[in-house]
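Please keep the sequence and the coordinates at hand while reading.

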Amino acid sequence: MNTARIRSISQSAIMLLVVASLPAAAQSLSANEVRGTRLSDQWKSGQGVVTRGADGKVIFLFGEVQPSVVCSPLQVCDIELQAGEIVRDVLLGDTVRWKVEPATSGPAGGQAVHLIVKPAESGLVTSMVVTTSRRAYHIQLKSHHIRYMAKVGFEYPQDADTRFAEINARMQTSVLPGTSVPSEQLDFAFKMRGTARWKPSRIYSDGDKTYIQFPSSLSGQDAPVLFVVSGGENRIVNYRLKGALMVVDYNIDHAILVSGVGRHQQKITIRRGG
């Protein structure tokens, strides 16, 4: 046993003797201290959510309660942290009968740190604090003579919030086919009248051009002809087809889509705003 360990054990023994020699009144707690310890006990003893991961890990919901990890002598508990986390400190309440060794997995730049925990004997209880570049883990460690958790991991609630924020950001900045501006800057205030097998699924404008999106069933069929109504006359304007999307080089207010002739003619009338 090295000098530092001997010193640590000696200091612990001295503190125990000092506390034991104190009168009961000197060890009493104030009302706030009692309340604080009760609140801490509730967190430490809470059941929380525990489930099984896809690879056999025991998954704790991070921050909900203090997770209790059960280990066993002659076995190892593998506590896996989030990929990319950098461990700064690992602090144990009992450094004599518990050992923690680091390991890593995963590709460079996205490695996950594993804490390999080994108790010296059964019937032990201690606590461990792990500080990282992202958070602090407060974990209770217990040793059992047979039972143990081979693999332990965490689910992080803020990850779900981050994913939803990313999805919302993509939706807000998403660009519809043919345009170069976000969807929230487009004008969808177009109404259609009439029936046709190729009736557009939606019409929108970016202020310079108008985009008429047809059903995918339009592919391989004759596309309708577009006439813009201006001054009481039907006029043809420049437009082009990109698959099922008609791009009109004009900001239309009133237009007609026509296909076929005679009784087989199909027509859709388009008006901005109704």
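Helices (H or I, at least four residues) and strands (E, at least two) are DSSP runs, numbered from the N terminus. Under this scheme, Ser143 belongs to strand β9. The model is a predicted one, in which local features need pLDDT of at least 70 and side-chain atom pairs count only at pLDDT 80 or more, while totals for chains, interfaces and linings use all residues. Residues are numbered from 1 along each chain as its sequence is written, and side-chain values use heavy atoms, with hydrogens and water left out.

The secondary structure of the chain amounts to three helices and 19 strands. Burial is judged by relative accessible area: buried means under 20%, exposed over 50%, and partly exposed in between (1.4 Å probe, protein chains only). By this criterion, 28% of the 274 residues of the chain are buried. A contact requires heavy atoms within 4.5 Å. Among the contacts in the chain with a separation of 6 or more, 57% are made by residues 24 or more positions apart.

Two strands are taken to pair if DSSP finds at least two bridges between them. Strand β5 (residues 87-92) pairs with β8 in the antiparallel sense over five bridges, and Leu91 stands opposite Val129 of β8. Seven bridges join β8 to β9, again in an antiparallel arrangement, with Val129 opposite His138 of β9. Three residues lie between β8 and β9 in the hairpin that they form. In a regular strand the side chains alternate between the two faces of the sheet. In β8, the covered face carries Thr126, Met128, Val130 and Thr132, whereas Val125, Ser127, Val129 and Thr131 make up the uncovered one.

Strand β4 has partners of its own. It runs antiparallel to β7, to which four bridges join it, and the bridge partner of Glu80 in β7 is His114. Strand β4 is also joined to β10, by two bridges and in parallel, with Val152 of β10 as the bridge partner of Ile79.

The surroundings of Ile139 can be listed in detail: beyond residues up to four places away in sequence, Ile139 touches Gln66, Pro67, Val69, Ile79, Thr126, Ser127, Met128 and Phe154.

What does a search of the whole structure find in the way of disulfides? It finds one, a disulfide being a pair of cysteine sulfur atoms within 2.5 Å. The link joins Cys71 to Cys77, with an S to S distance of 2.4 Å, and it is left-handed, with -140 degrees about the S-S bond. Cys71 is buried, at a relative accessible area of 0%, and Cys77 is likewise buried, at 0%.

Leaving out residues up to four places away in sequence, Ser143 touches Cys71, Trp98, Pro119, Glu121, Ser122, Gly123 and Leu124. Ser143 counts as buried, at 8% relative accessibility, and its side chain reaches the backbone oxygen of Glu121 at 2.8 Å.

The loop between β15 and β16 (239-242) holds Val237. Is Val237 buried or exposed? Val237 is buried, with a relative accessible area of 17%. Neighbours within four places in sequence aside, Val237 is in contact with Leu226, Val228, Val248 and Tyr250. The C-alpha atoms of Val237 and Tyr250 are separated by 7.4 Å, and the two residues are 13 residues apart along the chain.

Notes
A polar contact is a pair of N or O atoms within 3.5 Å; within protein, one must be able to donate a hydrogen and the other to accept it, and residues adjacent in sequence count only if both atoms are side-chain atoms.
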